[in-house]
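Visitor: Please take a close look at a single part of this structure, beginning with a loop and its backbone geometry. From there, I would be grateful for a connected account of the other local features that deserve attention.

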Amino acid sequence: MLTLNEVSLQIGGDSLIDHANLRLYEGWHVGVIGANGCGKSSLFRLLLGELSPDHGDVTLPTGARIAHMAQETAGLSATAVDHVLAGHTELMRVQSDLADAEASGDTHRMAKLHGELDGLDGYTARSRAELLLSGLGFANTQFDTPVAEFSGGWRVRLDLARALMRPSDVLLLDEPTNHLDLDAVLWLEQWLAQYAGTLLLVSHDRDFLDSVIGHIVHFDHRTLVHYRGNYSSFERQRAERLAQQQAAFEKQQQRVREIEQFVARFRYKATKARQAQSRLKELERMEQIAPAHVDSPFRFSFPDADKASHPLVTFRDSAVGYEGAPVLTGVDFSLLPGARIGLLGPNGAGKSTLIRTLVGELPLVAGERTAGEHLYIGYFAQHQLDDLDLNASALAHLQRESPDVREQILRNFLGGFGFSGEDATSPVGRFSGGEKARLALARIAWRRPNLLLLDEPTNHLDLEMRHALDLALQSFAGAVMLVTHDRHLLRDTVDTFWLVADGRVREFDGDLDDYRDWLREYRAGRTAPTDVAAAPNPATPKDRKGARRDAARQRAGLKSLRDNVTRLEKAVAEKRAQLHEIDAKLADTGLYTDGARVHELQELQRRQGELRTEIDRLETEWIEASERLEAAQAD
């Protein structure tokens, strides 16, 4: 049993834990959650003995072996596989002693050490280390690459593999998914689900938490509160607790009223349809989870762009990558306003390369890229955090872009991203990775793009900020292309998946569960099935051919329904523009005082009535078409 008894801890004068009590039993998988800076990493340091409590006792099982991810990568000259093997310290000791015994010719000691090596499964250690590396995305050709040649994110993966290699009774993992792609997250999820020891996991990936853990420890006002169940269960349980507090309940009800008013006003207006539907989705979840986030410091949106081209950008028979070494060929698509696309694919297949080419950072190797006149891209990638001016404040960053905007307006905007008071005027150099990511998102939102290209935007973001980003993307009226390992964000914010694999980009006919099955087949070295929906079950060639025909017919039917919805939306928008012109003319007071213009007035009023009738008819058709599309997608 792992226990904390009346533990208090202060760091730099700040009280992180105050007379906290906690009991965790052997074999529990526990998610440790709380706001950034609340003390999650300090709790791990207490368990490792790197910190001592100011009050109370921390007790671990006698002789417990603890494994954790190192904060700094040591031994940069070692190869990747040797770095991972070094995590098994007992194995390293036996191998070193065995080498000494062989050098001295001590056969008795050699026999004893060979027995110890066999007991540690030492003869299969290298293959196990290579399996860990493969699971975390390393190619076979990288196993013998020196650690020094890997970037910072890949060194984090090496340190994770090293921690997993070490035999342990207690495993401490602090945000292990931050530098992983979706493929590696899925592999790690399966590995941890089979871990027999006690796991303490800090993560901001709710789907990952839901799949791996069965208990939650929540930092709540310097106390540690234990909840049974996964993260979704925690949200519901905490919501029930907070809903009993009048202040929290009133805030929740106010948000419900705001959503209901917006939906009642705009749900049948095509120009606001996506926002209304997004708020309906939020409202459906509100009773269960909103109170759990009622004290979140983040609340923001991506304002609508002033204009948008149709299409926004088009690629024709393009090759993407580098001169002489294209990564993707036959790239052919148009991005339309309102498109919401999630990119899936194995590590290194070209997802980030495609996005960088869309942005214009990389030139096309071949083909044509045509940008619309009113295309305006908001691009987020991790390397952009390094481009922030470390000597300037968050407020200064926005002031440089909009020098004529009043400071209070900028401060109000930054407040939604968690920068209020002195936080808005503090130098960026003092910011954590999460704070820099929030500022980068704030700058993107301030520029009012009509196409968001987001490459792993959730790295370093805590659960509350991810929740706010989720809602902001749902209500964004523009187009979105998203690469992320956060499956919850993908499910909530995209309508279509594209698969980037084997040098091609194509629409993925399936959901994230289907993608996991596809990826399993892909990793096993077999040809990944084109018809993803049929992948989990073996079929005869005839069956597969028929399934592909059925899937093609279904896709064609869905495309026809989508095209009809788009056509009706466009028709409504055109009629509304005409009505706006008529209304503007009817606002001329001279029409009503000049007798010579009576026929003009009557014609305008007649046309106004016709347009209103036509808009009502088209909106009714649009609602029915949208319902047919939703029903078809559900099937």
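Guide: Pro311 is located in the loop between α11 (273–289) and β10 (313–322). In this predicted model, the peptide bond that joins His310 to Pro311 is cis, with omega at about 0°.

His221 sits in the loop between β8 (215–220) and β9 (223–228). Its phi is near 55°, a positive value in a residue other than glycine. With a relative accessible area of 67%, His221 is exposed. His460 belongs to the loop between β15 (451–455) and α16 (463–475), and its phi is likewise positive, at about 80°, although His460 is not a glycine. The relative accessible area of His460 is 22%, so this residue is classed as partly exposed.

A further histidine, His397, is part of a helix, namely α13 (residues 394–401). His397 counts as buried because its relative accessibility is 4%, the threshold for that class being under 20%. Its side chain reaches the backbone oxygen of Ser393 at 2.8 Å. Beyond its neighbours within four places in sequence, His397 is in contact with Leu388, Asp389, Ala392, Val428, Leu439 and Arg443.

Leu512, Asp514, Tyr515, Asp517, Trp518 and Leu519 are the buried residues of α18. Against which elements do the buried residues of α18 pack? Their partners are α7 (182–193), β12 (340–344), α17 (487–493), β17 (496–501) and β18 (504–507).

A search of the whole structure finds 15 aromatic pairs. One of them is Phe138 with Trp154, an edge-to-face arrangement with 4.9 Å centre to centre and 70° between the planes. This pair links distant parts of the chain, since Phe138 is in the loop between α5 (125–135) and α6 (152–165), whereas Trp154 is in helix α6, 16 residues apart from Phe138. At 4% relative accessibility, Phe138 counts as buried, while Trp154, at 22%, counts as partly exposed.

Tyr515 and Trp518 form an aromatic pair that is stacked, with 5.8 Å centre to centre and 15° between the planes. Both residues lie in helix α18, three residues apart, which is about one turn of the helix. An α-helix has 3.6 residues a turn, so residues three or four places apart point the same way. Tyr515 counts as buried at 1% relative accessibility, and Trp518 does so at 0%. Together with Phe508 and Tyr522, these two residues form one aromatic cluster.

Three strands form an open sheet in the order β2-β1-β4, with antiparallel pairing. β2 (14–24) and β4 (55–59) each have a single partner strand and stand at the edges, so one side of each lacks a neighbour in the sheet. On average, and with direction ignored, neighbouring strands of this sheet are turned by 25° against each other. Strand β1 (residues 2–11) and β2 run antiparallel and are joined by seven bridges; in this pairing, Thr3 of the chain stands opposite Arg23 in β2. Helix α1 (residues 40–48) packs on the sheet and touches β1, β2 and β4, and its direction makes about 120° with that of β1.

The totals for the protein place these local features in context. The protein contains 21 helices and 18 strands. Of its 635 residues, 46% count as buried. Among contacts between residues at least 6 apart in sequence, 68% join residues at least 24 apart.

Methods
Residues numbered from 1 in each chain as written. Heavy atoms only, no water. Pairing = 2+ DSSP bridges. Helix = DSSP H or I, 4+ residues; strand = E, 2+ residues; numbered from the N terminus. Axes fitted to C-alpha atoms, helices over the stretch in contact; angles between N-to-C directions. Contact = heavy atoms within 4.5 Å. Buried < 20%, exposed > 50% of the residue type's maximum accessible area, 1.4 Å probe, protein only. Polar contact = N/O pair within 3.5 Å; in protein donor to acceptor, adjacent residues only side chain to side chain. Phe/Tyr/Trp six-rings, centres within 6.5 Å; stacked < 30°, edge-to-face > 60°.
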